[in-house]
Amino acid sequence: MQSIMSSLERLPLRGGRIPRLNDMPAPDLFSPLQAGALPLPSRIVMAPMTRCRTDQPGDIPNAMMARYYAQRAGAGLIVSEATQISRQGQGYSFTPGIYSQDQIDGWRRVTDAVRQAGGRMVLQLWHVGRMSHPMFHDGAPPVAPSAIAPDAQVWVADETGAGRMVDCPTPRALETAEIAAIVGDYRQAARNAMAAGFDGVEIHAANGYLIDQFLRSTSNRRDDAYGGSLENRLRFLMEVAAAVADEIGAARVGVRLAPYITARGMNCPEIVPAILEAAVRLNGLGIAYLHLSEADWDDAPQVDDAFRHALRARFRGAIIVAGRYDQPRGERLLAEGLADLIAFGRPFIANPDLPERLARGWPLADFDPSALFGGDGRGYDDYPRYREMATAR
C-alpha cells in the first residue's frame with residue numbers, strides 16, 4: 001500500500017480541486033444531481049448485480065426481470081446487471097445480451113416498466129475476456145489480451161438450469177487485427193441499448209473482465225500497441241470509450257473501474273496510476289460519471305482518502321462508489337466531496353423499497369443467498385416492501 005500511495009504523490013494533479021464544504025450545502029443521499037445528461041432525483045444508485053434469470057435459448061430479458069427492476073425504480077439511478085455485447089463476450093450462463101433483436105426487445109420491456117414506475121436506468125456493457133469457458137464459444141478457448149489463465153471460476157448451467165462453478169481455462173491471446181472488431185461491438189451495443197430505451201450506458205472496465213485485463217500488467221503481456229507501456233495498456237479502454245461516446249453522446253456514458261481489486265490474478269502494482277491517468281483522459285471525453293467498484297470482501301484493502309482526492313482532482317464528472325456502503329459511510333463521502341453517488345448492491349436484493357427504508361429509518365431485510373443465481377421468482381421479485389409487511393401484521 002505504501003508504494004501505491006507514493007506513486008499517487010508523484011502524479012501531477014490535473015482537473016481542479018475538490019469543492020470545500022462551505023462552497024455549497026453538503027448533499028445527502030436524497031439530494032438531486034445532474035450527472036451528464038442524466039437528471040437524478042437522489043444519490044442512491046442500484047449497483048449492477050448478476051442474477052442469471054434470462055429466457056433461454058438466446059439469453060433474452062423477460063417479464064420477470066421487468067418486474068424486478070421496476071420494483072426498484074425508486075433508486076436515483078439503476079445500473080443494469082452486466083450485459084454481454086456479443087456471444088464472444090459471455091462468461092456465465094443465463095446472463096443477458098444486447099446483440100440480438102430479441103434481446104433488444106426484451107430489454108425494451110424492462111426499460112418501459114422502469115420508466116412507467118418513475119425510474120432511470122443505464123445498461124452495463126460487458127465483455128468478460130478470459131473470465132469464461134469454452135462451452136460459451138463452441139468449444140474454443142475464451143479470448144484475452146494474453147494467454148494467461150485467471151485462476152478463477154465462472155457459473156455454468158446445464159439444460160435443466162442446474163448450475164455449478166467451473167475453472168476458467170487458459171485463454172487465447174487476441175490478434176491485434178481482432179481488437180477493432182471488439183471496439184465495434186461496444187459501439188453497436190451502445191446503439192442497441194438506446195434502441196432498447198435505456199437512458200445511457202456504463203462501460204464495464206472493472207473486476208477482472210476484458211478491459212480491466214488490458215489495463216493491468218499482470219494480465220497484459222502484449223508487445224504490440226495494446227501492451228507494455230501505460231499508454232498502450234490504456235489504448236483499448238480509450239478506444240472503446242471514444243467509440244461509445246461518439247455513438248450515443250459522452251454525457252450518457254459512464255465507466256466502471258476497480259482500483260483495489262486483487263482477485264482473479266489482477267493484483268497489479270501499476271493499476272492505481274493507470275486508473276488515475278484513465279480518469280484524466282475520460283474527463284477529456286466529457287463522460288457523465290466514473291463508477292468505482294471497491295473490494296467488498298471482509299479483509300479487503302480499504303480505499304484510502306488519498307486516492308479519492310487524487311481521483312477527484314483528475315475527474316470533474318460524477319463519481320459513484322460501490323462496496324458494502326451503508327448510509328453513514330456513504331453520506332460522509334458525499335459531505336466531504338469525495339463521491340457524488342452511493343451504489344447499493346446486496347441491500348437492494350431483499351429491499352426493493354431501499355430508498356424509502358433509508359429515508360424513514362426502517363429496518364432492512366436479509367436476502368436469501370441460495371437464490372442469487374438462476375431460478376425463478378423466489379428470492380428475486382418476491383421480496384415485499386416494508387409497507388406491505390407492516391400491513392400484513
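Visitor: At what angle do helix 7 and helix 8 pack, and how far apart are their axes?

Guide: Please keep in mind that this is a predicted model. In it, helix 7, which covers residues 271–285, packs against helix 8, residues 305–314, at an angle of about 25°, and their axes are 8 Å apart. Because angles under 35 degrees count as roughly parallel, helix 7 is described as roughly parallel to helix 8.

Visitor: Is that crossing left-handed or right-handed?

Guide: Helix 7 passes helix 8 in a right-handed crossing. On the side of helix 7 the contact is made by Val272, Ile275, Leu276, Ala279, Val280 and Asn283, while helix 8 contributes Phe307, Ala310, Leu311 and Arg314.

Visitor: And how do the residues of that contact divide into nonpolar, polar and charged?

Guide: In the contact of helix 7 with helix 8, eight residues are nonpolar, one is polar and one is charged.

Visitor: Okay, what about helix 2 and helix 3, at what angle do they cross?

Guide: The axes of helix 2 and helix 3 cross at roughly 30° and come within 8 Å, which makes helix 2 roughly parallel to helix 3. Their crossing is right-handed.

Visitor: Which residues meet there?

Guide: From helix 2 there are Ala63, Met65, Ala66, Tyr69 and Ala70, and they meet Trp107, Arg109, Val110, Ala113 and Val114 of helix 3. Nine residues of this contact of helix 2 with helix 3 are nonpolar, none is polar and one is charged.

Visitor: Switching topic: how far apart are the end C-alpha atoms of helix 4, and what should the helix span?

Guide: Helix 4 has 20 residues, 176–195, so at 1.5 Å a residue it should span 28 Å, and its end C-alpha atoms are 30 Å apart, which agrees. Just after helix 4 comes glycine 197, with a positive phi of about 95°.

Visitor: Which residues of helix 4 are buried, and what covers them?

Guide: The buried residues in helix 4 are Ile179, Ile182, Val183, Tyr186, Ala189, Ala190, Asn192 and Ala193. What covers them includes helix 3, strand 5, strand 10, helix 5 and helix 6.

Visitor: Now a loop question: where is aspartate 55, and what does it touch?

Guide: Aspartate 55 lies in the loop between strand 3, residues 44–46, and helix 2, residues 63–71. Not counting residues up to four places away in sequence, aspartate 55 touches Ile60 and Asn62. At 40% relative accessibility, aspartate 55 counts as partly exposed.

Visitor: What joins glutamine 56 and proline 57?

Guide: Glutamine 56 and proline 57 are joined by a cis peptide bond, with omega at about -5°, and proline 57 sits in the loop between strand 3 and helix 2. Aspartate 59 is found in the loop between strand 3 and helix 2 as well, and although aspartate 59 is not a glycine, its phi is positive, about 55°.

Visitor: Is aspartate 59 buried or exposed?

Guide: Aspartate 59 has a relative accessible area of 8%, so it is buried, since buried means under 20%.

Notes:
Residues numbered from 1 in each chain as written. Predicted model: local features only at pLDDT ≥ 70, side-chain atom pairs only at ≥ 80, totals over all residues. Heavy atoms only, no water. Helix = DSSP H or I, 4+ residues; strand = E, 2+ residues; numbered from the N terminus. Expected span 1.5 Å × (residues − 1). Buried < 20%, exposed > 50% of the residue type's maximum accessible area, 1.4 Å probe, protein only. Contact = heavy atoms within 4.5 Å. Axes fitted to C-alpha atoms, helices over the stretch in contact; angles between N-to-C directions. Parallel < 35°, antiparallel > 145°, perpendicular 65-115°, else oblique. Left-handed = near helix turned anticlockwise from the far one by under 90°. Nonpolar A, V, L, I, M, F, W, Y, C, P; charged D, E, K, R; others polar.
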